[in-house]
Amino acid sequence: ESDVSLANTSGNAGLLVRASNPGVGTDSVDGYYIGLTSTGIVIGKESYGYTPLAAATLPGGIAANTEFHLTVVAKGCALTATAVSLNNPTDEVQTSATDCTYATGAVGLRTYGTAATWRQFTASAI
């Protein structure tokens, strides 16, 4: 989990889970990406390419420079993501996906098409 904010709404930023085989370049990793977009949150599979698995829209979208607490739970084949605004806790969006491709790996940070900030990044086993 981490507090995440996008510098602008033209890209996305978030967390990698169960990541392995990192390389240089866009989508150059195997694992799952969970992130904020201008419209809400996404869950996708990275395999030296990107495959969307789930998305959820936050009414009103996610504005630039607005911090959201992004929480990811990966248990078995289930991936669940929740984003809650730190400025307005009623702004909350959640989505989930099921995929069994990656069972283990590292955690990390990822951004695409925007600068981003992460604060209070933590990871723990469940």
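Mentor: The model is a predicted one. A pair of aromatic rings is described by the distance of the centres and the angle of the planes. For Tyr 32 and Tyr 102 the centres are 5.3 Å apart and the planes stand at 75 degrees, an edge-to-face arrangement. The count of aromatic pairs comes to one. Tyr 32 belongs to strand S3, while Tyr 102 is in the loop between S8 and strand S9 (106-112), so the pair ties together parts that are 70 residues apart in sequence.

Another ring to look at is that of Tyr 33. The charged end of Arg 110 sits over this ring, 4.4 Å from its centre. The side chain of Arg 110 also makes a polar contact with the side chain of Asp 27, at 2.8 Å. Asp 27 is found in the loop between strand S2 (12-20) and strand S3 (30-36). With a relative accessible area of 16%, Asp 27 falls under the 20% limit and therefore counts as buried. Leaving aside residues up to four places away in sequence, Asp 27 touches Arg 110 and also Glu 46, Ser 47, Tyr 48, Gly 49 and Tyr 50.

Strand S8, named above for the loop that holds Tyr 102, leads on to a sheet. This is an open sheet of five strands, in the order S8-S7-S6-S1-S10, and its pairing is antiparallel. Strand S8 (92-98) and S10 are the edge strands, each pairing on one side only. On average, neighbouring strands of this sheet are turned by 25 degrees against each other, direction ignored.

Within that order, S1 stands between S6 and S10. Three bridges join S1 to strand S6 (residues 68-75), and the two run antiparallel. Asp 3 has His 69 as its bridge partner in S6. Towards strand S10 (residues 116-119) there are four bridges, again with antiparallel strands. Here Leu 6 stands opposite Ala 116.

Strand S1 (residues 2-6) is also mostly covered, with five of its five residues buried. The covering applies to both faces: Ser 2, Val 4 and Leu 6 are buried on one side, and Asp 3 and Ser 5 are buried on the other.

Note on methods. Residues are numbered from 1 along each chain as its sequence is written. This is a predicted model: local features need pLDDT of at least 70, side-chain atom pairs count only at pLDDT 80 or more; totals for chains, interfaces and linings use all residues. Side-chain values use heavy atoms; hydrogens and water are left out. Buried means under 20% relative accessible area, exposed over 50%, partly exposed in between (1.4 Å probe, protein chains only). Two strands pair if DSSP finds at least two bridges between them. A polar contact is a pair of N or O atoms within 3.5 Å; within protein, one must be able to donate a hydrogen and the other to accept it, and residues adjacent in sequence count only if both atoms are side-chain atoms. Contact means heavy atoms within 4.5 Å. Axes are lines fitted to C-alpha atoms, for helices over the stretch in contact, and angles run from 0 to 180 degrees between N-to-C directions. Rings of Phe, Tyr and Trp (its six-membered ring) pair if their centres lie within 6.5 Å; planes under 30 degrees apart count as stacked, over 60 as edge-to-face and the rest as tilted. A charge sits over a ring if NZ of Lys or CZ of Arg is within 6 Å of the ring centre and within 35 degrees of the ring normal.
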